[in-house]
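Here is a short note for a colleague opening this model for the first time. The points below go from backbone to rings to a pocket.

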Amino acid sequence: MKKRVVVGLSGGVDSSVAAQLLIDQGYEVIGLFMKNWHDDTVTISDECPWLEDSNDALLVADKLGIPFQTVDLSEQYKERIVDYMFNEYENGRTPNPDVLCNREIKFDVFMKIALELGADYVATGHYCRKEEEIINGKTVYKLLAGKDPNKDQSYFLCQLSQEQLAKALFPIGEYLKPEVREIAAKNNLITAAKKDSQGLCFIGKVRLPEFLQQQLKPKKGIIYEVSKNNDVYNQSKPFFNDLDDELLWEATSVKYTPEMAKKVGEHNGAHYFTMGQRKGLNVGGTQEALFIIDTNVNDNAIYTGQGNMHPGLFRKTLLVQSHEIHWIREDLRLKNGEQMEVMARIRYRQPLQNATLHQTEKGLFVRFNEPQSAITEGQFVSWHINDELLGSGVISKL
């Protein structure tokens, strides 16, 4: 009896080749396209991305000779992703909708539909790998980086659970992107030369400021500039008897006030901006480019500093609140007082950095060996050992 796999056909080359490889491996394959968005007013006007993508997915399924249908998940997507995004931005945090889309839509809502169709597995076109190992008599699933170092997408799956991984397949994880395009071309798949999609997960090319302005009203505020020579950056580190207190001090960001800065411009709403952002400030006349070092949605103020080496951009330690700590490898979860040497990243494509995890009553501290630029509240930090992604958490602001 053939194992049945439902492939999330997105209309791109990666999921097309994932389906082809599964057929070659002897699986019974069904193609499903997820329609997650109806509102075309926030996409670039001369494109209708989901319609074009669904047509391409249909053509690929037809070429492969597999059943195909479209499932409309726009209601769940709005509720779980879009509303969450608006809420996070409104509260001054910067969410990562792609990570949430994988946890909440592809490997939850979509996976349940696939299992109802009698699927044994759900497959996607992610560049990552899965392994399993028997540990203490129990099957443990491991999420590994994709073989292509330029395309590794394991970070986007950093919130998956053991239950979700158990039912997931990542057929292209062992391939490099050029090899994937070669396979598509060899099999005459229409997506072989199609460009990679940009923009929000399954919405298409979205103008984020316009998208946010649909719900978050513009609100005039002041842009301040803080000098890199400000006294706040020259304070000596106190002596601590307790490591937890030291970590808390390191993870606490500077509390900026207008008295520490000078006014250099105006903005339309602090909730539209994020830590480390350079574009969109429209302030000229500075020796170096201005970077955002803090946003305050309560006071509707933006604080900036000149240059990408401004001390206000850097911090060595961050905190993940206890309720936002997620371990893929539950068997490795730390207890209070325990620590672990890892590699970590605070955003997709950032090279992995040496760090130490410290589990405390206050939460999980991630302490990097070197200060990191633009640690952003609401984004995900992921931690790894070698090729394996062990867990992740939402970055908090202190």
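Where is the place of N282? N282 sits in the loop between β9 (262-267) and β10. Strands here are DSSP runs of E, at least two residues long, and helices are runs of H or I, at least four residues long, numbered from the N terminus.

1. Ground rules. This is a predicted model, in which local features need pLDDT of at least 70 and side-chain atom pairs count only at pLDDT 80 or more, while totals for chains, interfaces and linings use all residues. Residues are numbered from 1 along each chain as its sequence is written, and side-chain values use heavy atoms, with hydrogens and water left out.

2. Positive phi. Most residues other than glycine have a negative phi. N282 has a positive phi, near 55°. At 78% relative accessibility, N282 counts as exposed (over 50%; buried is under 20%, partly exposed in between, with a 1.4 Å probe and protein chains only). N136 also has a positive phi, near 50°. N136 is in the loop between β5 (128-135) and β6. It is exposed, at 81% relative accessibility.

3. Aromatic pairs. Rings of Phe, Tyr and Trp (its six-membered ring) pair if their centres lie within 6.5 Å; planes under 30 degrees apart are stacked, over 60 edge-to-face, the rest tilted. The count comes to seven aromatic pairs. The rings of F156 and Y348 have centres 4.3 Å apart and planes at 45°, so this pair is tilted. F156 lies in the loop between β6 (138-145) and α5 (162-166), and Y348 in the loop between β13 (339-345) and β14 (353-360), so the pair ties together parts 192 residues apart in sequence. F156 is buried, at 14% relative accessibility. Y348 is partly exposed, at 24%. Y155, F156 and Y348 form one aromatic cluster.

4. A stacked pair. The rings of Y224 and Y303 have centres 5.2 Å apart and planes at 15°, so they are stacked. Y224 is in strand β8 (residues 221-225) and Y303 in strand β11 (residues 301-306), so the pair ties together parts 79 residues apart in sequence. Both are buried.

5. The second largest pocket. Its lining has 38 residues, with T252, S253, V254, F314 and R315 nearest the centre. α8 (243-251), β10 (290-296) and β12 (314-327) each give two or more residues to this lining. β10 gives the most, five residues. By class, the lining has 17 nonpolar, 13 polar and eight charged residues. Here Ala, Val, Leu, Ile, Met, Phe, Trp, Tyr, Cys and Pro count as nonpolar, Asp, Glu, Lys and Arg as charged, and the others, Gly among them, as polar. A pocket is an open set of points on a 1 Å grid over the protein atoms alone, where a 1.4 Å probe fits, with protein on both sides within 12 Å along at least five of seven lines; lining residues have an atom within 4 Å of a point.
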